[in-house]
Amino acid sequence: MSPTEASRANKNILGAEMRLETSTIYRYEELQNPRNEIRLVTILHEVDSCILSCSLITCRLDSMPEYKALSYVWGDASHKHRIHCNGADLFVTSNLLTAM
């Protein structure tokens with residue numbers, strides 16, 4: 001490997017490490033009223049990314065939102081996949097990713 005190629009490889013590795021270090025893990029906010037609130041996800045379509053992107057909001061059940069239900073714990077929890085949720089990394093099961 002030439003010095004120029006080695007320099008490029010190091011920059012690529014450092015860049016990847018920087019992205020990993022600066023990535024944010026999604027944290028669920030506590031529901032204010034768990035008996036009357038649910039989380040609803042909207043799947044976003046990003047052309048430039050191979051990673052599924054979505055937004056997650058809290059919604060009151062008494063507002064009677066229209067939704068389809070999926071369990072976020074559905075499937076083998078030992079095999080997780082990264083998606084983007086509200087700009088942060090969220091890890092989901094294979095079954096959930098496939099259903100989404």
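**First stop: a residue in a strand**

Select Ile83, which lies in strand β3, residues 80–85. The model is a predicted one. Is Ile83 buried or exposed? Its relative accessibility is 1%, and because buried means under 20%, Ile83 counts as buried.

Ile83 and Ser53 are 30 residues apart in sequence, yet their C-alpha atoms are 5.9 Å apart in space. Then display the contacts of Ile83, leaving aside neighbours within four places in sequence. Ile51, Leu52 and Cys54 are among them, as are Ala88, Asp89, Leu90 and Val92. Leu97 and Met100 are also in contact with Ile83.

**Second stop: the largest pocket**

Turn now to the largest pocket, whose volume is about 720 Å³. It is lined by 28 residues, and those closest to its centre are Arg39, Val41, Leu56, Leu70 and Tyr72; select these five to find the middle of the pocket. Colouring by element then shows that β1 (37–44), β2 (53–60), β3 and β4 (88–93) each give two or more residues to the lining. Which element gives the largest share? It is β1, with six residues. By class, the lining has 21 nonpolar, three polar and four charged residues.

Move to the second largest pocket, with a volume of about 150 Å³. The classes here are four nonpolar, three polar and five charged residues.

The last selections concern backbone angles. Most residues other than glycine have a negative phi.

Asn86 is placed in the loop between β3 and β4, and its phi is positive, near 50 degrees. With a relative accessibility of 42%, Asn86 counts as partly exposed.

Finally, select Met64, in the loop between β2 and β3. Phi of Met64 is also a positive value, near 50 degrees, in a residue other than glycine. How does its accessibility class read, buried or exposed? Met64 counts as exposed, because its relative accessibility is 72% and exposed means over 50%.

Note on methods
Residues are numbered from 1 along each chain as its sequence is written. This is a predicted model: local features need pLDDT of at least 70, side-chain atom pairs count only at pLDDT 80 or more; totals for chains, interfaces and linings use all residues. Side-chain values use heavy atoms; hydrogens and water are left out. Helices (H or I, at least four residues) and strands (E, at least two) are DSSP runs, numbered from the N terminus. Buried means under 20% relative accessible area, exposed over 50%, partly exposed in between (1.4 Å probe, protein chains only). Contact means heavy atoms within 4.5 Å. On a 1 Å grid over the protein atoms alone, a cavity is a set of points where a 1.4 Å probe fits but cannot get out, and a pocket is an open set with protein on both sides within 12 Å along at least five of seven lines; lining residues have an atom within 4 Å of a point. Grid points are joined across faces, edges and corners, and a volume is the space filled by probe spheres set on the points. Ala, Val, Leu, Ile, Met, Phe, Trp, Tyr, Cys and Pro count as nonpolar, Asp, Glu, Lys and Arg as charged, and the others, Gly among them, as polar.
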